[in-house]
Amino acid sequence: MEKEQLEHGLNQNRRKFLSKVSLGIGSLALGSLLIPDLFKGKGGEDALMAALPHFAPKAKRIIYLFQNGAPSQLESFDYKPMLNQQMGQELPESIRMGQRLTGMTAGQSSFPLVGSYYGFMQYGEHRAWISDIFPHTAKVVDDICIIKSMHTEAINHDPALTFFQTGAQVGNRPSMGAWLSYGLGSENNNLPSFCVLLSRGKGNGQGVYSKLWTNGFLDSVHQGVQFSASEDPVLYLSDPKGMNREDRRRMLDHLSSLNEVNYQEFGDPEIQAKIQQYEMAFRMQTAVPEVTDISKEPDSIIKMYGPDCLVPGTYAANCLLARKLSESGVRFVQLYHQGWDQHGNLPREMINQANDVDQASAALITDLKQRGLLDETLVIWGGEFGRTNYCQGKIQLDNYGRDHHPRAFSIWMAGGGVKSGMVYGETDEFGYNIVENPVHIHDFQATVLHLMGIDHERLTFKHLGRRYRLTDVHGKVVNDILV
Amino acid sequence: MTQNRKIVSFLENSLIVFNGLILAFVIGKQYISLPPFLEVFGRMHPLLLHFPIVLLVLAGLLFWFPKILDHNSNSLLQILLLLSLFFTGLTVIAGLFLSAEEGYVQEDLQNHQWTGLLVFWLGSVWYLAWAKGKSILAKTMSVSVLVLVLVTGHLGASLTHGEDFLLFPISSKVSAPVVSLEEAVAYDHIIRPILEQKCVSCHKASKQKGDLRLDEVRFILAGGKNGDVIDLENPENSEILQRISLPIEEEEHMPPKGKPQLTETEIQLLETWILENALFEKKVVEYPETSPFFTFANTLFDDKKEEVYDFDFASKKTITGLNHEYRVVQALYPDSPALRVSYFGKAQFDAASLDELKKINIQLVDLNLQNMSLKDEDLSYLSHFQNLKILNLNFTGINGSGLQHVQDLKKLKSLSLTGNNLSEDAVNYLKKLSHLEALFIWNTGLDNKTIAELKSELPKTKIETGYSDDGEIYQLNPPEIKAEKAIFTGEMEINLKHPIGSVSIFYTLDNTIPDSSNHILYEGPFKIDKNITLRTRAFADGWSGSDEKSAVFLKSGIKPDEVTFLQSPDKRFKANGTATLFDLEKGDEEFSSGSWLGFRQNPMEIKMEFNETRTINNIAFSLLEVGASYIVPPYKIEIWSTGKDGTERLIQTDFPEQPEKIRKNQVFLKEYPIKKENVSAIRAKLSPVNPLPKWHPGAGEKGWVFIDEILIN
């Protein structure tokens with residue numbers, strides 16, 4: 001007991017003392033040389049933040065339109081007429097080269113090639129091929145950069161999603177948005193720096209779960225904040241009935257003076273963090289309704305995104321909300337649209353999925369562009385892997401399915417320092433293997449960080465004795481697609 | 001002493017022999033053919049040459065400052081001089097042998113050879129003059145020799161390491177082209193500088209190694225002794241490409257080992273340019289953006305795009321002082337003095353706070369005021385920010401009459417004005433902003449004529465007018481129905497809402513579809529006091545009418561004292577048994593939610609008894625239709641009532657209308673007026689459809705009846 005009293009009196013205990021001393025002496029010499037401000041601020045994370053971004057960023061914010069379930073590249077952006085010509089013929093072994101398959105088609109005795117049910121046309125200055133079910137995306141093709149040569153190692157949804165978002169197929173690493181929140185902080189201190197919006201399509205869906213927007217081993221302030229479609233977009237943010245804003249203010253003032261007393265006594269920085277978080281929540285109480293209110297949007301905006309944008313919880317509504325959040329300084333807005341897992345019934349399901357997302361995705365590009373924000377906002381559209389060029393299940397002229405295919409798939413990016421009107425990478429005529437400019441998930445992640453002004457090799461966090469980064473030990477910036 | 005004498009005499013003899021040999025070599029060079037072992041000796045030239053340099057410098061030192069050593073230095077000086085001349089001779093002979101090999105630039109080689117020979121000859125004279133005591137001659141020679149050593153050394157270095165090897169690091173390194181990307185010509189501004197830096201020193205008029213010149217287009221096309229350097233027919237076979245891509249150890253590799261090498265970018269530029277047909281005249285911007293040459297060439301101009309800010313940094317204290325929750329002031333990136341300021345939180349915004357930014361008026365380059373409420377006179381604050389480059393005034397409520405204050409911001413490149421209703425004044429001010437690179441005027445109320453005028457006044461500005469309504473008619477989405485609960489007592493208020501303000505909301509209460517001929521216009525909340533089916537749609541100009549939205553509202557009524565199922569519900573959908581039917585909780589459209597009772601094998605048959613006789617006006621059943629799950633309206637509804645006398649009479653038989661296709665899922669009401677007094681019990685029987693009709697996917701099987709509430713009034 002005496003010991004505790006002594007520690008209390010000194011505002012110090014053994015653990016705190018040791019951690020301070022070891023950190024202090026160790027970093028004293030080197031740290032003061034490398035980071036001149038080290039001893040002016042709190043050190044540690046603050047010092048890291050002060051050195052970020054590493055160079056002039058091209059993009060200030062990201063909106064990631066994740067198409068969860070993996071949309072087929074062969075019915076969207078990777079036009080392969082050869083598959084229509086050889087419809088029903090066997091996938092040559094020279095193309096497949098013994099690649100592993102999922103348990104869903106591994107047992108299939110034959111792998112008949114199947115071509116796109118939908119037609120394709122060429123659009124834009126660079127005559128990019130786009131399928132007929134994405135007519136609005138086709139209209140903005142000169143503003144986007146289609147990458148046809150993405151590839152991943154994962155072959156099932158969870159690992160592939162987790163890989164895309166966190167840089168590892170398993171485990172609880174921080175999501176890309178959390179890394180950016182950690183690296184760059186929030187632009188607007190009245191809103192979270194990482195927001196998550198979910199919507200569900202009519203197609204065969206795969207779940208999304210909070211692991212995908214986790215802060216992992218980073219501080220929990222970097223976790224993605226999920227906005228729900230209900231009247232309370234952020235849970236537990238509104239005051240209970242009967243409490244007005246002045247009462248809340250007075251309550252917080254008293255609470256913070258109590259916390260201050262505690263802080264004087266114990267000196268625990270967590271207490272200060274708590275005070276600040278209460279204050280942020282208080283500011284969010286006005287900032288969130290301001291952002292989520294779409295009643296003042298002009299009619300033309302509603303027509304642009306489609307009337308669905310007025311129905312909370314739809315993809316279109318989320319796109320509109322994403323623009324509003326992003327324009328209000330939210331660093332990373334992550335959308336997930338579920339229902340892209342067309343193992344069967346593809347011709348019927350995929351057009352519904354495309355209808356859900358096509359108009360609003362294109363509207364988002366146009367909307368950012370007309371406000372002068374597209375140059376500083378990076379928009380990404382894509383799923384976690386591609387789909388096979390052969391049919392899963394029974395092949396019919398007007399009905400087929402496609403299994404998971406990690407070796408080649410298409411995504412698109414727009415704005416924020418990415419070349420516009422570009423088609424990058426190429427697959428073979430079977431749409432199975434990449435023949436030109438492959439882009440690995442880690443390359444993609446490195447490029448995204450690069451656009452935000454971050455050297456992906458230098459944004460690290462020490463955890464369990466080693467430094468982690470989003471790109472692990474890989475990743476090469478895809479310079480070819482940068483402006 | 002004798003030992004010293006022996007050495008001196010050996011060295012003096014060597015001096016005579018070397019002089020003779022060298023003279024013979026110089027005169028008869030072209031007649032001599034060397035045996036291989038002498039070639040080896042020749043190649044020792046770069047090794048040997050260090051000895052004479054050091055020894056001559058030492059000898060010079062001792063010659064000029066004899067007192068460096070305490071005692072008589074004469075004999076030491078003699079040995080030193082002779083030794084240095086001995087090695088000079090060896091070096092010169094080796095050099096002469098080496099020069100007989102091919103591969104050296106004749107002009108440079110000649111200079112180096114003759115200065116080298118002079119070192120040896122004048123050195124010999126120096127020794128003789130010193131030995132004979134002719135001090136003036138000796139002094140002259142010593143100076144000449146030392147200077148010549150320097151010159152020879154430098155020429156030799158140029159020979160092996162390339163011209164300007166010594167001064168390269170301080171001479172200008174022009175790697176970025178001097179013109180802008182738009183003007184750059186592929187050969188003139190990208191390829192030629194590379195050739196000039198890395199190739200021309202050996203392939204020019206004065207020095208045509210391999211009979212090749214790369215200093216002018218016609219010589220490049222003419223090729224060298226091995227033929228074409230660039231093969232225009234098959235660019236990939238061009239010799240220059242093969243040479244530069246060989247490993248550096250290969251003899252054929254170019255530039256030769258030891259010479260300044262091509263960087264990776266330079267190789268990529270050369271390669272892509274040649275593979276894309278080596279077009280000498282083509283401008284860089286004329287290449288397609290996807291062309292690899294364009295990609296690499298484009299990166300050379302990157303530095304030029306990056307604005308360099310050379311003004312002073314604002315103090316940390318100032319920046320911190322200006323930052324708060326609703327105003328973020330931060331550097332563009334850590335090492336930049338340039339600042340970006342963003343305002344957030346409309347409610348907290350005060351335009352006067354712009355005045356505080358005067359403290360950073362030099363550093364402010366990017367100001368984001370979107371969605372803040374501004375008056376046009378507030379724009380006068382902006383005139384202080386002389387370095388402002390990006391200004392965002394979207395949706396600030398200005399009409400632009402204050403844009404005169406922006407006119408003097410000569411660095412302004414991007415101006416966003418979307419969402420503001422711009423006045424004529426605004427347009428006139430905008431016309432003067434010819435230095436703008438981008439102007440955003442979507443949703444500013446300007447008509448096409450004005451926009452066309454602006455575009456012609458500002459030919460260099462990219463004017464973004466954004467989305468324009470192309471007249472496509474979209475369907476509205478249905479209104480929202482807001483009511484406190486689905487089953488009410490007494491009366492209840494109902495609100496209808498739509499997110500678009502300009503719509504008209506039509507509704508009906510008689511279970512008909514609202515359309516142009518049949519509707520009530522919603523003008524505000526209304527009250528209901530009986531069971532109703534509300535159906536509503538939204539209409540607006542420029543849109544097609546919405547789908548309908550419907551809801552059933554039930555007035556709670558008399559609860560029977562005893563309720564018994566005469567036939568039991570399906571065991572999967574038992575809910576809370578009979579209590580479910582009178583719990584005043586409406587089920588949603590989810591049949592498995594646990595608030596619905598389901599019947600399939602048996603009809604739903606129920607007896608409701610009252611302890612005291614009642615007057616019953618009507619009875620209503622709240623039912624569900626989910627066609628895809630075989631849940632359809634009952635085939636037949638029968639109702640019996642028992643009067644005071646205890647006899648039961650059938651009072652109602654109905655065959656509800658059956659769907660002809662799978663319809664939208666719905667909760668619907670079947671209501672029957674009874675108008676009976678003194679009722680002591682009621683029995684109701686709802687029989688499922690059996691079998692389902694032919695059009696249904698489950699044709700031939702039994703249908704379901706789902707019920708969640710019975711209301712007796």
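This is a predicted model: local features need pLDDT of at least 70, side-chain atom pairs count only at pLDDT 80 or more; totals for chains, interfaces and linings use all residues.
**Ground rules.** Local features need pLDDT of at least 70 and side-chain atom pairs count only at pLDDT 80 or more, while totals for chains, interfaces and linings use all residues. Residues are numbered from 1 along each chain as its sequence is written, and chains are lettered from A and ligands numbered from 1 in the order in which they are written.

**Chain A.** Chain A has 483 residues, and 49% of them count as buried. Buried means 20 or more other C-beta atoms within 10 Å of the residue's own, exposed means 12 or fewer, and partly exposed is in between, with C-beta atoms placed from the backbone. Of the chain A contacts with a separation of 6 or more, 76% are between residues 24 or more positions apart. A contact is two C-beta atoms, placed from the backbone, within 7 Å.

**Chain B.** Here I found 16 helices and 26 strands. Of its 713 residues, 31% are buried. Contacts between residues at least 6 apart in sequence join residues at least 24 apart in 65% of cases.

**Where the chains meet.** I get 36 residues of chain B in contact with 40 of chain A. On the chain B side, strands S7 (414-416), S8 (438-440) and S10 (474-475) each give two or more residues. That side has 14 nonpolar, 16 polar and 6 charged residues (Ala, Val, Leu, Ile, Met, Phe, Trp, Tyr, Cys and Pro are nonpolar, Asp, Glu, Lys and Arg charged, the others, Gly among them, polar).

**A helix pair in chain B.** H15(B) (residues 424-431) packs on H16(B) (residues 448-457) at about 20 degrees, axes 9 Å apart. Axes are lines fitted to C-alpha atoms, for helices over the stretch in contact, and angles run from 0 to 180 degrees between N-to-C directions. The two helices are therefore roughly parallel, the label for angles under 35 degrees. H15(B) brings Val427(B), Leu430(B) and Lys431(B) to the contact, and H16(B) brings Thr450(B), Leu454(B) and Glu457(B).

**Tyr630(B).** I found this tyrosine in the loop between strands S22 (604-625) and S23 (636-642) of chain B. Tyr630(B) counts as partly exposed because it has 17 C-beta neighbours inside 10 Å. Its C-alpha is 8.4 Å from that of His696(B), 66 residues apart along the chain. Leaving aside neighbours within four places in sequence, Tyr630(B) contacts Leu692(B), Gly698(B), Glu701(B), Gly703(B) and Trp704(B).

Note on methods:
Helices (H or I, at least four residues) and strands (E, at least two) are DSSP runs, numbered from the N terminus. Angles under 35 degrees count as roughly parallel, over 145 as roughly antiparallel, 65 to 115 as roughly perpendicular and the rest as oblique.
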